[in-house]
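Trainee: Could you take me through one part of this model closely, with the cut-offs behind each term?

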Amino acid sequence: MAYVMLACAILSEILATTAMKYSDGFSRLWPSLATALGYLLAFALLAQTLKSISVGTAYAIWSGAGTAVIAMIGMVFLGESASALKLLGVLLVIAGVVVLNLDGAH
């Protein structure tokens with residue numbers, strides 16, 4: 001159940017970050033409210049997750065997954081460049097999360 005909560009926290013953070021892009025520097029009401037509510041929900045869910053999952057594991061998954069997905073959203077949907085170097089960076093972030101979690105598998 002903790003990993004489901006963590007997945008929901010990550011999804012909420014991804015949606016909030018995407019809404020922030022559309023808030024135009026917090027000058028548009030609805031995207032700005034979506035950003036604030038999304039981050040509030042994301043942190044509340046993350047806090048609940050930390051009751052069951054170690055902070056290192058949870059934060060590695062949270063930050064790695066969020067970074068990778070947001071980078072991909074930017075490249076696929078928001079017209080950001082998709083260079084080989086950027087793709088390598090996303091793969092390295094994912095690899096870093098995997099490596100950080102290897103110790104938790106024992």
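Mentor: W30 lies in helix 2, residues 29-49, where helices are DSSP runs of H or I with at least four residues, numbered from the N terminus. The model is predicted, so local features need pLDDT of at least 70 and side-chain atom pairs pLDDT 80 or more, while totals for chains, interfaces and linings use all residues. Residues are numbered from 1 along each chain as its sequence is written, and side-chain values use heavy atoms, leaving out hydrogens and water.

The 21 residues of helix 2 should span 30 Å at 1.5 Å a residue, and the 30 Å between its end C-alpha atoms agrees with this (the expected span is 1.5 Å times one less than the number of residues). Along helix 2, the residues P31, S32, T35, G38, A42, L45, L46 and T49 are buried, that is, under 20% relative accessible area with a 1.4 Å probe and protein chains only, whereas exposed means over 50% and partly exposed lies in between. Seen down the axis, these buried residues fall within an arc of 165°, and therefore line one face of helix 2; the arc is taken over directions from the helix axis to the C-beta atoms. They pack against helix 1 (2-22) and helix 3 (55-77), contact meaning heavy atoms within 4.5 Å.

The face of helix 2 turned away from this buried side carries the exposed residues L29, W30, L37 and L40, and W30 counts as exposed because its relative accessibility is 65%.

In the loop between helix 1 and helix 2 lies S23, which is buried, with a relative accessible area of 1%. Leaving aside residues up to four places away in sequence, S23 touches R28, P31 and S32, and of these P31 and S32 are among the buried residues of helix 2.

Conventions
Helices (H or I, at least four residues) and strands (E, at least two) are DSSP runs, numbered from the N terminus.
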